[in-house]
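User: Hi, I have a model open here. Can you walk me through some of its local features?

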Amino acid sequence: MIGDYKGSKPQIHDSAFIARDAVIVGDVTIGEESSIWFKTVIRGDVASTHIGKRVSIQDLSMLHQSPNNPLIVEDDVTVGHQVTLHSAIVRKNALVGMGSLILDGAEIGESAFVGAGSLVPPGKKIPPHTLVMGRPAKVVRELTEADYLEMERVRKSYVEKGRYYRESTDLGKE
């Protein structure tokens, strides 16, 4: 379902894949070749949500905001299954692992990797090029070349999957 909220309707690039059972409402922009997967909810009814190019927001994720505090997901970001993003900034090339919670005012640095199940508390700044894990999330180490290659593999696979689903199935937006 894609709908308007008080006159604000989502702006979605034609090349994006939006699963038919995703809910996207209000002040939301979604860039080129991004993918919004099954049962994901993105509500732009409090502040804006901006999703860049080649971003995957995977199944069962929830994106929302607090008043005057937008949610920004930059280009080439991977957001795993069942992630909650709330009024945060996720910088380009980052990966947020499954089941993580990223809360108000948190910032995930460029090319950072948030391990599955992590909690990034309000206002926490995650340094670029680091692996963070835990509740609350703490820096574990600097990323390795193998980490970057895996992040790139996942990112590219979701761009390809999104393209396939958009062009080859009846599961995309109408």
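User: How do β19 and β20 run, parallel or antiparallel?

Analyst: Antiparallel. This is a predicted model. Strand β19 covers residues 130–134, and strand β20 covers residues 137–142.

User: How many bridges join them?

Analyst: Five bridges join β19 to β20.

User: Which residue in β20 does M133 stand opposite?

Analyst: K138 stands opposite M133.

User: And what joins β19 to β20?

Analyst: A hairpin does, through two residues. P136 is found in that loop, between β19 and β20.

User: What kind of peptide bond joins R135 and P136?

Analyst: A cis one. Omega for that bond is about 5°.

User: New topic. What is phi of K6 near?

Analyst: Phi of K6 is near 50°. That is a positive value, and K6 is a residue other than glycine.

User: Where is K6 found?

Analyst: In the loop between β1 (2–3) and β2 (11–12).

User: Is K6 buried or exposed, and why?

Analyst: K6 is exposed, because its relative accessible area is 74%. The cut-off for exposed is over 50%.

User: Now R54. What is its phi near?

Analyst: Phi of R54 is near 55°. Here too the value is positive in a residue other than glycine.

User: Which strands does the loop with R54 lie between?

Analyst: Between β6 (41–51) and β7 (56–57).

User: What is the relative accessible area of R54?

Analyst: It is 27%, so R54 is partly exposed. Partly exposed lies between the cut-offs, under 20% for buried and over 50% for exposed.

Technical notes. Residues numbered from 1 in each chain as written. Predicted model: local features only at pLDDT ≥ 70, side-chain atom pairs only at ≥ 80, totals over all residues. Heavy atoms only, no water. Pairing = 2+ DSSP bridges. Helix = DSSP H or I, 4+ residues; strand = E, 2+ residues; numbered from the N terminus. Buried < 20%, exposed > 50% of the residue type's maximum accessible area, 1.4 Å probe, protein only.
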